[in-house]
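The sequence and structure come first, and the description follows.

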2 protein chains.
Amino acid sequence: TGPMRETKVVPRVREIMDTRVVAVTEDEPISTAAAKLLKGETNHLPVLNGDGQLVGIVTTYDVTKAVGSTRDLTVVRDIMTRRVVRTTPEEAVDIAAQKLERHNISALPVVDPANRVIGMLSAIDLGKLLGGRWQA
Amino acid sequence: TGPMRETKVVPRVREIMDTRVVAVTEDEPISTAAAKLLKGETNHLPVLNGDGQLVGIVTTYDVTKAVGSTRDLTVVRDIMTRRVVRTTPEEAVDIAAQKLERHNISALPVVDPANRVIGMLSAIDLGKLLGGRWQA
Ligand SMILES: C[S@@+](CC[C@H](N)C(=O)[O-])C[C@H]1O[C@@H](n2cnc3c(N)ncnc32)[C@H](O)[C@@H]1O
């Protein structure tokens with residue numbers, strides 16, 4: 001049989017993800033997460049356990065909880081989102097884009113089979129790929 | 001002379017802005033701003049002075065400063081952004097969209113001639129108008 005002809009090549013997450021990952025561990029003080037967010041390189045910090053595996057995610061929204069709440073919130077574990085929507089390097093970018101839209105979020109950690117974070121995929125990365133522009 | 005034919009009608013900010021504005025005053029404690037942001041209706045709080053005029057804007061990013069900084073930050077004035085990019089009800093939406101894009105922000109306060117906030121215009125409002133969707 002001859003070679004199959006590919007009618008459409010959908011790029012994979014691996015091709016556009018950002019591999020410079022800034023992360024925190026679940027036991028770090030919230031102020032450490034805040035300082036990392038204020039460096040301005042990202043608004044999404046993946047949270048790792050002692051084995052380096054993804055257990056949560058933290059944004060400026062979650063840090064705001066530490067200020068707006070009357071509860072005693074001190075470490076990252078107290079404020080992180082535990083059900084992390086994630087992607088893999090092999091996932092097609094349109095599937096990843098759907099995840100962002102459906103969950104109303106703007107970035108996904110990219111994990112390997114051992115649940116280690118090997119990159120981040122943001123709406124901005126996707127926007128660049130899709131050449132999206134505001135037009136009236 | 002006959003009536004002029006309009007070749008293109010660009011919508012105005014007034015037609016798509018959100019008039020349910022949640023604001024803070026510059027003297028309120030940062031925790032009050034945090035609590036308002038966590039209600040989840042907006043990530044952008046316009047900051048008003050004693051005369052009800054726009055003097056700043058606060059997001060979860062600014063509240064994060066209160067946690068990540070070693071300085072003593074207590075009231076909204078200490079963390080707000082003072083140079084507020086703004087729009088007016090009569091501005092064309094494509095001009096407002098350009099402001100968002102150019103300044104890399106996601107919402108603009110809409111002010112009247114007395115510098116009072118009469119609405120908010122967000123990227124989401126614009127996205128709805130433009131029918132923008134992620135498509136690969
Ligand atoms: C619902 S979003 C709204 C704020 C903003 N629109 C955004 O996209 O980040 C804020 C919440 O989403 C959570 N979040 C962000 N990325 C996430 C992801 N990949 N999986 C699960 N939750 C996530 C954050 O922890 C935060 O509590």
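In this predicted model, the ligand is surrounded by 15 residues, and the closest of them are Asp62(A), Thr81(A), Val85(A), Ser106(A) and Ala107(A).

The side chain of Asp62(A) places an N or O atom 2.6 Å from an oxygen atom of the ligand. Val85(A) takes part through its backbone: a polar atom there is 2.8 Å from a nitrogen atom of the ligand. For Ala107(A), a polar backbone atom lies 3.0 Å from a ligand nitrogen atom.

**Helix packing**

Two packed helices are described by the angle between their axes and the distance between the axes.

| Helix pair | Angle | Axis distance |
|---|---|---|
| α2(A) and α3(A) | about 140° | 10 Å |
| α2(A) and α3(B) | about 130° | 8 Å |
| α2(B) and α3(B) | roughly 140° | within 10 Å |

**Within chain A**

Helix α2 of chain A covers residues 30-38 and helix α3 of chain A covers residues 60-68; the two pack at an angle of about 140°. That angle makes α2(A) oblique to α3(A). Their crossing is left-handed. On the α2(A) side the contact is made by Ile30(A), Ala34(A) and Leu37(A), and on the α3(A) side by Thr60(A), Val63(A) and Ala66(A). By class, the residues in this contact of α2(A) with α3(A) are five nonpolar, one polar and no charged.

**Between the chains**

α2(A) also packs against helix α3 of chain B, residues 60-68, with the axes 8 Å apart and an angle of about 130°. Because of this angle, α2(A) counts as oblique to α3(B). The crossing of α2(A) with α3(B) is left-handed. From α2(A), the residues Ile30(A), Ser31(A), Ala34(A), Ala35(A), Leu37(A) and Leu38(A) take part. They meet Tyr61(B), Thr64(B), Lys65(B), Val67(B) and Gly68(B) of α3(B). The contact of α2(A) with α3(B) divides into seven nonpolar, three polar and one charged residues.

**Within chain B**

In chain B, helix α2 spans residues 30-38, and its axis crosses that of α3(B) at roughly 140°, coming within 10 Å. α2(B) and α3(B) are therefore oblique to each other. The crossing of α2(B) and α3(B) is left-handed. Ile30(B), Ala34(B) and Leu37(B) of α2(B) make the contact with Thr60(B), Val63(B) and Ala66(B) of α3(B). This contact of α2(B) with α3(B) has five nonpolar, one polar and no charged residues.

Key:
Residues numbered from 1 in each chain as written. Chains lettered and ligands numbered in written order. Predicted model: local features only at pLDDT ≥ 70, side-chain atom pairs only at ≥ 80, totals over all residues. Heavy atoms only, no water. Axes fitted to C-alpha atoms, helices over the stretch in contact; angles between N-to-C directions. Helix = DSSP H or I, 4+ residues; strand = E, 2+ residues; numbered from the N terminus. Parallel < 35°, antiparallel > 145°, perpendicular 65-115°, else oblique. Left-handed = near helix turned anticlockwise from the far one by under 90°. Contact = heavy atoms within 4.5 Å. Nonpolar A, V, L, I, M, F, W, Y, C, P; charged D, E, K, R; others polar. Near = heavy atom within 4 Å. Polar contact = N/O pair within 3.5 Å; in protein donor to acceptor, adjacent residues only side chain to side chain.
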